[in-house]
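Please consult the sequence and the structure shown below while reading.

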Amino acid sequence: MPTKVIALANQKGGVGKTTTAVNLAACVAAVGRRVLLFDLDPQANATSGLGLEKVEGASAYRPLLGEGGLLEKIQNTAFERLEIIPSEVDLCGLDIELARSENHLQRVAMALRPVVESQRFDVIFVDCPPALGILTLNALAAADGVLVPLQCEYYALEGISMLNRIMGQLHDNGVNPRLELFGVAMTMYDSRTNLSQQVVSEVREHFGERVFETMIPRSTRLAEAPSFGKPIIHYDKYSSGAAAYELLAQEVLARLDRKTEAPAQVPVSEAPV
Ligand SMILES: Nc1ncnc2c1ncn2[C@@H]1O[C@H](COP(=O)(O)OP(=O)(O)OP(=O)(O)O)[C@@H](O)[C@H]1O
Ligand SMILES: [Mg+2]
């Protein structure tokens, strides 16, 4: 099966991109798939969330500038079948450096090609920073699909039309003809509030079946886990957050497996919003 690249993107900050990237990656690895988590955010939250120190020179910075290969940047984690390309602050300056270079939107795609071709992984999750800057555009240009985490709050959809438009452009102008909206994951859901339920129904009206059935509950255990450097299934296996990410992983795998059999039917440019 070819390696699938899924970017977690939403230009809004703090919506659960990293929490979803880390926990989904861990749950997918736990059920037997080989997973790479590519931390493309200078904040390096996914890196510390998996218990790795931020080490100078360990990130994708140099390979993305064409110096050395990305394969050499892959590191083991403490978790079986889960590997990582860590981030550190030097990725901060990369936007500016890339803006000046040739093929500046294809740098992640080019660097990932040998990793994809090595078939070492079943799936690569890319954790994006909270902006539609060059790093995120690069992730979108390299991805087979985009997973958009949306926080259950007012204005959840704010800015999503922009992301959608950019995805449509990258798709239509040939930068990435494979790109599609892989799914929308609702995060920080609180079943006790009408607000969460209203937001979910509004989002479902826009995105229909693209929205995953599983909603990630608001849970302090999920917020605590990164400070122990562990995904939730290894921090508190029997918590509601662990159960939710395990279910989300099942949905993600079902979609990935379905896509491998039959190509996607909904191009991004036709997705609603
Ligand atoms: N389901 C949840 N329940 C409780 N807290 C959560 C949940 N998901 C995320 N959080 C917390 O909310 C904050 C933001 O989450 P996270 O870092 O995953 O978002 P992000 O979209 O990656 O942020 P950024 O845009 O800064 O990269 C973090 O402190 C995280 O621990
Ligand atoms: Mg993040």
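Helix 1 contributes three residues to the shell around ligand 1, the most of any element. The model is a predicted one, and every value given here is computed from it.

**Shell around ligand 1**

- The shell comprises 18 residues, among which K17, T18, T19, P217 and S219 come nearest to ligand 1.
- Sorted by class, seven residues of the shell around ligand 1 are nonpolar, seven are polar and four are charged.

**Polar contacts and cover**

- The side chain of T19 places an N or O atom 2.5 Å from an oxygen atom of ligand 1.
- For K17, a polar side-chain atom is found 2.8 Å from an oxygen atom of ligand 1.
- G14 takes part through its backbone, where a polar atom lies 3.0 Å from an oxygen atom of ligand 1.
- On its own, ligand 1 has 630 Å² of accessible area, and the protein covers 80% of this.

- Two or more residues of the shell around ligand 1 come from each of helix 1 (17-30), strand 8 (211-217) and helix 9 (220-224).

**Overall form of the protein**

- The protein contains eleven helices and eight strands.
- Its radius of gyration is 17 Å, close to the 19 Å that the globule rule gives for 273 residues, so the protein is as compact as a globular protein of that length.
- Taken along the principal axes, the box filled by the C-alpha atoms is roughly 50 × 40 × 35 Å.

Definitions and conventions
Residues numbered from 1 in each chain as written. Chains lettered and ligands numbered in written order. Predicted model: local features only at pLDDT ≥ 70, side-chain atom pairs only at ≥ 80, totals over all residues. Heavy atoms only, no water. Near = heavy atom within 4 Å. Polar contact = N/O pair within 3.5 Å; in protein donor to acceptor, adjacent residues only side chain to side chain. Areas by Shrake-Rupley, 256 points an atom, 1.4 Å probe, with all protein chains shown as cover. Helix = DSSP H or I, 4+ residues; strand = E, 2+ residues; numbered from the N terminus. Nonpolar A, V, L, I, M, F, W, Y, C, P; charged D, E, K, R; others polar. Rg over C-alpha atoms; globule rule 2.2 N^0.38 Å.
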